[in-house]
Amino acid sequence: MSLLLVMIGGFFGAICRFAMGEWIQTSYGFPLDTFIINLIGCFSLGWFLTFINRKKKFKAEYTLLIGTGFIGSFTTFSTFSVEILDLFQDGLVFLGVIYILASTLIGFIFVYIGHKLALTRRREVM
């Protein structure tokens with residue numbers, strides 16, 4: 001059952017990732033689509049995991065479906081890594097370094113914001 005939940009979540013996450021990647025236009029050699037998608041994933045996972053860890057009645061299966069499956073396939077570390085390699089090979093080393101730093105630092109900030117928002121929303125519900 002766990003594998004099926006990850007597969008279902010992954011199916012829909014991959015479709016959403018593809019659709020959003022097609023919708024966001026990459027320009028100036030910077031992989032804006034992957035950058036934005038991964039930031040959305042950072043925020044979503046930060047919020048989701050904080051929210052479900054605070055809920056007592058939340059089923060563990062939702063973590064597999066949404067966290068591992070959907071968000072896991074929506075975001076992509078491998079594409080991020082390949083795009084960095086492409087930037088370096090194209091001689092855009094500075095842009096590659098900016099991409100690494102911005103993705104890491106801003107990604108952490110988005111996880112933190114999602115986490116804090118889930119804590120805030122939880123207190124309001126009580």
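Where is the place of Phe110? I located Phe110 in helix H5; helices here are DSSP runs of H or I of at least four residues, strands are runs of E of at least two, and both are numbered from the N terminus.

**Entry 1. Basis of the model**

I noted that the model is predicted, that local features need pLDDT of at least 70 and side-chain atom pairs pLDDT 80 or more, while totals for chains, interfaces and linings use all residues. Residues are numbered from 1 along each chain as its sequence is written, and side-chain values use heavy atoms, with hydrogens and water left out.

I then looked up the confidence, given as pLDDT (the predictor's confidence in each residue, from 0 to 100). The protein chain has a mean pLDDT of 90, with 95% of its residues at 70 or more. Confidence is highest in helix H1 (residues 2–23), at 95, and lowest in H5, at a mean of 89.

**Entry 2. Overall build**

I counted five helices and zero strands in the protein chain. Read from the N terminus, the order of elements is α-α-α-α-α. The C-alpha trace spans about 50 × 30 × 20 Å along its principal axes.

I looked up contacts, defined as heavy atoms within 4.5 Å. Of those between residues at least 6 apart in sequence, 70% join residues at least 24 apart.

The accessible surface is about 8200 Å², and 72% of this area belongs to carbon and sulfur atoms. Such areas come from the Shrake-Rupley method with a 1.4 Å probe, and for residues only the protein chains shown count as cover. Of the 126 residues in the chain, 29% are buried; buried means under 20% relative accessible area, exposed means over 50%, and partly exposed lies in between (1.4 Å probe, protein chains only).

I examined a nonpolar surface patch of about 980 Å², whose members include Phe88, Val93, Leu101, Phe110 and Ile113. Patch residues have over 30% relative accessible area and no salt bridge; nonpolar side chains (Val, Leu, Ile, Met, Phe, Trp, Tyr) are joined within 5 Å, like charges within 9 Å. A salt bridge is a side-chain nitrogen of Lys or Arg within 4 Å of a carboxyl oxygen of Asp or Glu. Helix H5 (residues 93–125) gives the most to this patch, with ten residues. For Phe110 I recorded a relative accessible area of 30%, so this residue is partly exposed.

Is Ser103 buried or exposed? Ser103, also in helix H5, is buried, because its relative accessible area is 16%. A polar atom of the Ser103 side chain lies 2.8 Å from the backbone oxygen of Tyr99. Beyond neighbours within four places in sequence, I found Ser103 in contact with Phe35, Leu39 and Phe80.

Leu95 is likewise found in helix H5 and counts as partly exposed, because its relative accessibility is 22%. Not counting residues up to four places away, Leu95 touches Tyr28, Gly29, Phe30 and Leu87. For Leu95 and Gly29, which are 66 residues apart in sequence, I noted a C-alpha to C-alpha distance of 8.4 Å.

**Entry 3. Gly69 in helix H3**

I found Gly69 in helix H3 (residues 61–74). This glycine is buried, because its relative accessible area is 2%. Which residues is Gly69 in contact with, leaving aside its neighbours within four places in sequence? I listed Val6, Gly9, Gly10 and Leu64.

Notes. A polar contact is a pair of N or O atoms within 3.5 Å; within protein, one must be able to donate a hydrogen and the other to accept it, and residues adjacent in sequence count only if both atoms are side-chain atoms.
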